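Please have a look at the model before I go on.

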Protein chains: 4
Amino acid sequence: MKAIIIGATGYGSAELIRLLYQHPHAEIGGLISSSQAGGELKEVFPHLSHLTFTLEEMDPDRIADMGEVVFFAAPAGVSSEWLPRLAEKGLTCIDLAGDFRLEPQAYAEWYGKTPPPSPWLEQAVYGLSEWRRQEIARADVIANPGCYPTAALLVLIPLLRSGAVDTETIVIDAKSGVSGAGRGMKLTTLFCEVNENLSLYKVGTHQHTPEIEQHAAALSGRSPRVMFTPQLVPMNRGILVTVYARGVEGWNQERLTETFQEAYEDAPFVRIKEPGSWPRTKDVQGSNFCDVGVYWDDRTDTVVGMAVIDNLMKGAAGQAVQNLNLRMAWPETAGLTGTPLYP
Amino acid sequence: MKAIIIGATGYGSAELIRLLYQHPHAEIGGLISSSQAGGELKEVFPHLSHLTFTLEEMDPDRIADMGEVVFFAAPAGVSSEWLPRLAEKGLTCIDLAGDFRLEPQAYAEWYGKTPPPSPWLEQAVYGLSEWRRQEIARADVIANPGCYPTAALLVLIPLLRSGAVDTETIVIDAKSGVSGAGRGMKLTTLFCEVNENLSLYKVGTHQHTPEIEQHAAALSGRSPRVMFTPQLVPMNRGILVTVYARGVEGWNQERLTETFQEAYEDAPFVRIKEPGSWPRTKDVQGSNFCDVGVYWDDRTDTVVGMAVIDNLMKGAAGQAVQNLNLRMAWPETAGLTGTPLYP
Amino acid sequence: MKAIIIGATGYGSAELIRLLYQHPHAEIGGLISSSQAGGELKEVFPHLSHLTFTLEEMDPDRIADMGEVVFFAAPAGVSSEWLPRLAEKGLTCIDLAGDFRLEPQAYAEWYGKTPPPSPWLEQAVYGLSEWRRQEIARADVIANPGCYPTAALLVLIPLLRSGAVDTETIVIDAKSGVSGAGRGMKLTTLFCEVNENLSLYKVGTHQHTPEIEQHAAALSGRSPRVMFTPQLVPMNRGILVTVYARGVEGWNQERLTETFQEAYEDAPFVRIKEPGSWPRTKDVQGSNFCDVGVYWDDRTDTVVGMAVIDNLMKGAAGQAVQNLNLRMAWPETAGLTGTPLYP
Amino acid sequence: MKAIIIGATGYGSAELIRLLYQHPHAEIGGLISSSQAGGELKEVFPHLSHLTFTLEEMDPDRIADMGEVVFFAAPAGVSSEWLPRLAEKGLTCIDLAGDFRLEPQAYAEWYGKTPPPSPWLEQAVYGLSEWRRQEIARADVIANPGCYPTAALLVLIPLLRSGAVDTETIVIDAKSGVSGAGRGMKLTTLFCEVNENLSLYKVGTHQHTPEIEQHAAALSGRSPRVMFTPQLVPMNRGILVTVYARGVEGWNQERLTETFQEAYEDAPFVRIKEPGSWPRTKDVQGSNFCDVGVYWDDRTDTVVGMAVIDNLMKGAAGQAVQNLNLRMAWPETAGLTGTPLYP
């Protein structure tokens with residue numbers, strides 16, 4: 001099976017290349033970059049100087065000849081335009097951008113862009129692998145979740161489904177390493193601006209907020225209202241979400257721990273921390289794991305759910321390959337068995 | 001005026017030395033270190049190789065001859081034992097540890113140590129400078145606030161005093177650089193364990209929790225219940241607290257901003273961010289500033305208060321010198337006018 | 001084939017576990033740790049919480065039953081004592097410490113320890129894979145090279161063999177990430193001491209100096225005199241060595257580049273940079289690659305050779321597995337095909 | 001005395017503002033920025049939100065009214081054009097760019113720009129404070145040295161003057177933090193590209209090479225040939241230069257140490273390390289110190305000289321203020337007494 005990557009010059013794409021190159025059943029069919037078409041991959045990414053790929057123009061006809069699956073690793077807006085033209089040709093499409101994740105009005109409002117054409121949007125499956133295995137296995141268009149929503153939802157869904165928390169009191173305090181901001185040039189991601197700095201951004205206005213709310217509702221049956229605050233941490237990779245909610249009477253530490261253990265019993269990439277120990281982003285670095293912890297605070301009846309992922313892996317390329325595996329009926333962990341890189 | 005530092009080999013002490021060395025009215029009278037008595041300061045801190053100090057034994061009689069003010073920069077427990085003996089000799093005592101900050105039962109419970117003798121504990125003034133100026137000016141024992149409580153209370157007090165938030169819904173998501181963990185040797189503060197890592201610790205059980213609750217109540221008249229979660233960030237200095245609470249009807253962004261501007265009108269070290277901009281730890285690096293932001297979230301009626309400090313400055317040594325200034329009736333900013341180091 | 005790791009609680013060992021776990025032909029037969037015997041691996045390394053291993057005592061009889069190959073990832077001195085007892089039992093031994101790398105006097109002088117028994121020392125093969133393939137394939141005791149020597153020798157050997165440089169003028173300015181210093185607790189590797197700091201150590205006295213000189217001579221036929229200076233860089237992984245030597249008349253950029261290209265034509269892990277581009281440590285992060293650059297300075301007739309490796313991979317565990325592959329007649333790249341992690 | 005800063009939006013300028021704001025005898029007369037004229041300083045630098053300055057256009061007439069001294073903190077080329085017009089009006093000019101540091105041909109060749117008009121170039125004094133005190137005290141145009149040359153020359157000059165080293169064998173391996181690359185947007189200074197990375201750049205071709213050679217000759221009387229290699233280190237501030245040269249017979253550790261101690265006996269900012277201890281960049285962070293170490297290697301007869309500076313302080317703004325002090329006959333340390341920030 002050959003896969004094509006569109007938007008091949010970003011960090012998410014570098015990670016897809018790493019994963020596909022090691023994948024037992026897939027290989028790279030072509031790399032597309034409008035901005036650097038004609039250039040060599042190794043000029044863009046010297047760490048890949050042992051590979052020989054030329055970046056190519058966006059040309060649907062040619063792309064259809066390159067393989068059977070296409071990953072969109074381009075900024076929002078690109079897949080809205082091009083995905084329908086490739087899906088029409090029979091390619092399975094996995095979109096890592098936000099275009100196919102939201103109801104059209106929400107997309108228009110939070111992204112400030114025109115939503116994708118409805119027939120395609122309607123058939124898109126939200127690719128939170130652990131909670132949509134069957135739908136993903138049949139999907140032709142997979143909307144790969146955002147990095148923050150992946151971590152947030154893996155905590156929220158068991159809490160909501162089990163009724164452990166008050167849906168009106170949810171606060172998500174989220175922290176991300178800098179690779180989530182991409183490889184584009186911005187003052188705010190210069191080394192000297194970020195290093196030895198911790199900062200807030202888009203407080204209350206981040207576009208992942210409606211994604212979390214919409215899919216938490218769809219996947220749990222309960223509609224939460226979420227206060228979401230993202231923060232930028234001086235490290236390359238890693239997301240930690242700390243989720244707070246008022247606990248419902250009758251719940252306690254033991255019941256919470258069991259709820260999470262049961263929820264992810266068959267999930268090869270979700271590791272539940274034992275009570276009294278907490279997730280750390282480095283424990284999942286370079287891997288597709290999501291480490292989840294949960295704490296019941298007796299003093300305040302607060303539930304604290306915590307999840308860490310590598311934002312480029314379970315938060316982007318890793319989950320995209322996991323979804324590819326589900327779609328192709330390969331083992332869910334194919335090409336994703338790599339142990340975290342420590343330290 | 002000469003000041004003595006007890007516990008001279010930690011990071012807080014290095015910062016006190018930096019500040020006192022540049023102070024227009026104070027100077028260093030002696031440096032005490034039980035563990036390294038007899039050693040030279042420059043062996044402990046090569047960055048101070050232009051200074052000549054020998055570390056000395058803890059000897060109350062000698063210390064009383066060295067100066068008029070003593071800073072305790074030692075671990076919890078040391079001041080409980082020694083402060084009374086120095087205060088008795090007429091020295092003004094400023095304690096940077098937790099011993100004199102809490103009600104005795106709370107100290108015993110959260111620190112697992114015997115509280116200091118009550119006569120001394122009772123006369124100790126909690127040195128949150130902006131909210132205790134007059135009491136500090138007359139105090140002989142000043143309990144310098146903890147790093148997290150300083151940032152948390154500077155946000156909480158105006159919110160509580162003004163009645164803007166529901167006191168039962170307060171969540172404090174706190175993040176600290178590593179210098180807050182001290183210079184002692186622990187696996188968890190080794191470079192390779194911390195760098196490229198973001199982790200939680202002491203979730204719900206950090207000893208700064210009761211300090212925040214107790215002094216928030218004392219300083220605002222309203223008793224909040226606080227869920228407090230600390231997190232360790234891969235950087236040397238800096239604390240960010242993100243405070244969440246359900247907002248009370250009738251409040252909005254404008255009223256919140258005004259409340260904070262008025263609260264800190266005369267506070268030379270508190271800078272209020274304009275609506276739509278957020279604090280960053282680097283903006284206060286090496287300085288005694290606390291940058292505060294506040295946000296009203298229309299979607300969820302949540303108030304988000306945010307404060308950054310340099311944990312070694314406003315969170316420890318800087319505020320200790322600010323308190324010294326208040327106590328000595330010097331200008332509040334004496335020796336603290338340094339601009340943040342950027343980048 | 002089952003492999004045992006002795007000294008299982010350090011960073012080098014974590015890397016060996018990562019590599020063996022993914023290796024197509026090898027698996028982990030046992031993990032030995034004197035200091036933490038009886039403990040669970042996942043307590044020592046939470047990033048490995050999906051694996052179940054109990055750390056065991058050093059017991060040669062039991063170890064001989066656990067597998068066929070043993071890796072020593074313990075501090076210097078341990079293999080001198082225990083390797084002979086395991087080799088006697090027929091286990092193939094790969095030592096990652098310095099014990100079997102040096103002539104006995106040099107070991108005694110630079111390490112301040114008793115050298116290993118001579119029959120075993122004499123049969124040890126220095127495992128610089130690219131230059132000792134045939135000997136390694138037959139070796140029962142492999143002395144895996146040090147991190148700095150690996151990078152330094154991969155630059156030096158082609159320069160010395162070809163006669164391009166004056167052997168009396170060699171300067172090696174070496175820089176390492178902090179994981180090279182191990183997971184032991186030292187003031188000098190605390191986060192706050194290392195972060196935002198660049199420092200020198202053991203100038204002229206590092207124990208890798210004689211290793212470089214001795215094996216440069218053995219592998220090139222020319223005996224260089226080397227001034228070696230190590231420096232500690234605030235990052236987890238990565239070594240850069242910058243090698244300077246006076247160039248010999250008749251040499252130039254083109255001839256140097258060709259010399260390196262030819263020298264490593266068949267080496268799957270050595271990538272030669274094109275003239276005008278330079279190695280970067282991040283380009284090899286998490287991989288077994290060594291990126292090499294060479295520059296002829298017309299102004300000063302100086303040759304500058306540059307090499308980067310991941311100190312835990314090609315500088316330790318990666319090369320150890322490469323040597324295992326050579327010894328077992330498996331493909332040299334088995335289990336080492338992982339692409340560098342970027343960023 | 002009022003000082004104007006031209007090019008007020010870079011890191012060097014932020015540091016000048018920090019220093020002038022705390023200076024006992026100087027204050028800021030105006031801040032010039034062609035690119036952001038009309039904007040507020042606090043928008044460019046939120047850490048300075050307690051200061052109120054509007055950035056202004058480059059207008060020589062207005063600038064002449066703003067003060068008596070002008071600092072050029074703009075990129076190369078700006079001072080060549082504007083400095084003569086301001087010097088003509090009687091302002092003392094201190095240029096932090098390279099324009100006035102080199103012989104005209106060397107400037108043209110290494111910078112690829114037209115050198116400044118010769119009358120002005122000829123009267124410029126090279127502001128390496130420790131070695132040009134008297135000339136600086138009378139200068140109207142001061143060419144503030146580059147960051148690397150400052151550190152390199154403070155090591156080289158005593159070595160060359162005393163005849164301790166062979167001038168044909170000098171290698172300077174230099175390492176810098178990222179703030180030296182400025183605040184402009186480049187792929188190579190994005191956080192994710194630099195963090196956890198160590199890389200070489202401009203090997204043999206850096207424009208500081210001729211500056212070192214020319215002024216080493218002018219200040220020592222001996223003309224060295226220098227191989228200069230810069231490297232980028234993942235930290236904000238700090239430069240370490242490691243200088244290697246073949247030692248001359250008759251020299252040894254003791255004589256070298258004495259030579260340096262005598263050379264800098266009266267230099268308040270140069271601290272000589274004791275034999276066996278080495279400089280660290282963090283020991284000078286935020287200060288104007290230069291820590292210097294020297295080592296005689298008995299094995300190879302090599303001299304290793306080492307110097308660390310804060311590139312924005314002694315390597316730029318700090319030395320510029322030191323030169324201002326010398327020029328104004330103020331104490332050399334005025335406004336520069338700040339202790340290094342540690343950690």
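This is a predicted model: local features need pLDDT of at least 70, side-chain atom pairs count only at pLDDT 80 or more; totals for chains, interfaces and linings use all residues.

How many disulfides does a search of the whole structure find over all chains? The search finds zero, where a disulfide is a pair of cysteine sulfur atoms within 2.5 Å. For C192(A) the reason is distance, because the closest cysteine sulfur, in C147(D), is 12 Å away from its own sulfur, which is too far for a bond. C147(C) is likewise in no disulfide, the nearest cysteine sulfur being that of C192(B), at 12 Å. C192(A) is buried, at a relative accessible area of 2%, and C147(C) counts as buried at 14%; buried here means under 20% relative accessible area, with a 1.4 Å probe and protein chains only.

Residues are numbered from 1 along each chain as written, chains are lettered from A in the order written, and side-chain values use heavy atoms, without hydrogens and water.

Turning to the interface, 51 residues of chain A are in contact with 51 residues of chain B, contact meaning heavy atoms within 4.5 Å. The two chains bury about 4300 Å² between them, with 54% of that from carbon and sulfur atoms; this is the accessible area (1.4 Å probe) lost on putting the two parts together, summed over both. Of the area that chain A buries against chain B, E196(A), L198(A) and R299(A) supply 17%, more than any other three residues.

Key:
Buried means under 20% relative accessible area, exposed over 50%, partly exposed in between (1.4 Å probe, protein chains only).
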